[in-house]
Amino acid sequence: MTPQLPRREDLPQRPTTVPSKSYPELPDIDDDQSFAEVTRELSIYFVKAIETTLSFEQLRTSSVGHDLRPLITYLSKTVHHPAIVAALLSAHITIGSKT
């Protein structure tokens, strides 16, 4: 007699998302904001969302980086500012130089 494997629905379910903390309010980025304003908004969000001494590269590969998912979703689905990529790079350089 072949042993039966448990059905998927009988296995314990693990939560799909478990926030490590409450997320800060997402920045309000409008298409008509200046590059400096967008960079400032992003930098403020990063400082509030990331309470760690990890580098940007380490954030990319650690679970701490998951705290940025709400921002990533917001930016990719809602924001259409022409300078958003440049502002992200600028915030990266600005914050990275302070660590």
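Q: Hi! What pattern does the protein follow, read along the sequence?
A: Hi! Going along the sequence, the pattern is α-α-α-α. Keep in mind that this is a predicted model.

Q: Okay, and how many helices and strands is that?
A: The protein has four helices and zero strands.

Q: Why quote both an angle and a distance?
A: Two packed helices are described by the angle between their axes and the distance between the axes.

Q: So are α1 and α3 roughly parallel or antiparallel?
A: Roughly antiparallel. Angles over 145 degrees count that way, and the axes of α1 and α3 cross at roughly 155°.

Q: Which residues make that contact?
A: From α1 you have L42, Y45 and F46, and from α3 there are P70, L71 and L75. By class, the contact of α1 with α3 has six nonpolar residues, with no polar and no charged ones.

Q: Let's stay with α3. Which of its residues are buried?
A: L71, Y74 and L75 are the buried residues of α3. Seen down the helix axis, the buried residues of α3 fall within an arc of 95°, so they line one face of the helix.

Q: And what is exposed on the other side of α3?
A: There you find I72, S76 and K77, which are exposed.

Q: Tell me about Y74. Why does it count as buried?
A: Y74 has 13% relative accessibility, and buried means under 20%.

Q: What does Y74 touch?
A: Leaving out residues up to four places away in sequence, Y74 touches L26, P27, D28, I29 and V79.

Q: What about contacts across the protein: what share join residues at least 24 apart?
A: The share is 69%, among contacts between residues at least 6 apart in sequence.

Q: New topic: S43. Where is it found, and is it buried or exposed?
A: S43 is found in helix α1. At 14% relative accessibility, S43 counts as buried. Not counting residues up to four places away in sequence, S43 touches A91 and I95.

Note on methods
Residues numbered from 1 in each chain as written. Predicted model: local features only at pLDDT ≥ 70, side-chain atom pairs only at ≥ 80, totals over all residues. Heavy atoms only, no water. Helix = DSSP H or I, 4+ residues; strand = E, 2+ residues; numbered from the N terminus. Contact = heavy atoms within 4.5 Å. Axes fitted to C-alpha atoms, helices over the stretch in contact; angles between N-to-C directions. Parallel < 35°, antiparallel > 145°, perpendicular 65-115°, else oblique. Nonpolar A, V, L, I, M, F, W, Y, C, P; charged D, E, K, R; others polar. Buried < 20%, exposed > 50% of the residue type's maximum accessible area, 1.4 Å probe, protein only. Arc of directions from axis to C-beta.
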